[in-house]
Amino acid sequence: MNIANHFARAAHLWPDNPAVALGATTVTNYRTSAQRIASLAGALQRVGLKPGDRVALVLKNCPEYLELMYACWHAGLVAVPVNAKLH
């Protein structure tokens, strides 16, 4: 099972509910986030990544990190989180 399917299901069931928050501030709802995730997944595939390929994620903790990780999973890629503080 692809873990991204859980997010897609939540977007279908509760599209207007908050999906991502930064502190007490809601950043996005499930509908918008699911659309961005699908778009990012398509972009990753268009640049030539195939299911099973590994993608290193070197970002600070931010809402975009979550969307990129789910986009990798949506595209069948393996997300490899890397500590952004590594030199």
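The legends below describe close-up views of a predicted model.

Local features need pLDDT of at least 70 and side-chain atom pairs count only at pLDDT 80 or more, while totals for chains, interfaces and linings use all residues. Residues are numbered from 1 along each chain as its sequence is written, and side-chain values use heavy atoms, with hydrogens and water left out.

**View 1. Asn 29 at the N-terminal end of helix 2.** Asn 29 lies in strand 2 (residues 25–29); helices (H or I, at least four residues) and strands (E, at least two) are DSSP runs, numbered from the N terminus. Apart from neighbours within four places in sequence, Asn 29 is in contact (heavy atoms within 4.5 Å) with Pro 15, Asp 16, Asn 17, Pro 18 and Ala 19.

**View 2. Buried residues of helix 2.** Tyr 30, Ser 33, Ile 37, Ala 41, Gly 42 and Leu 44 are buried, that is, under 20% relative accessible area with a 1.4 Å probe, protein chains only. Their cover includes helix 1 (4–13), strand 1 (18–22), strand 2 and helix 3 (63–74). Just after helix 2, Gly 48 has a positive phi of about 105°.

**View 3. Buried residues of helix 3.** The buried set consists of Pro 63, Tyr 65, Glu 67, Met 69, Tyr 70, Ala 71 and Cys 72. These residues pack against helix 1, strand 1, strand 2, helix 2, strand 3 (54–57) and strand 4 (78–81). Gly 76, with a positive phi near 80°, follows helix 3.

Conventions
Buried < 20%, exposed > 50% of the residue type's maximum accessible area, 1.4 Å probe, protein only. Polar contact = N/O pair within 3.5 Å; in protein donor to acceptor, adjacent residues only side chain to side chain.
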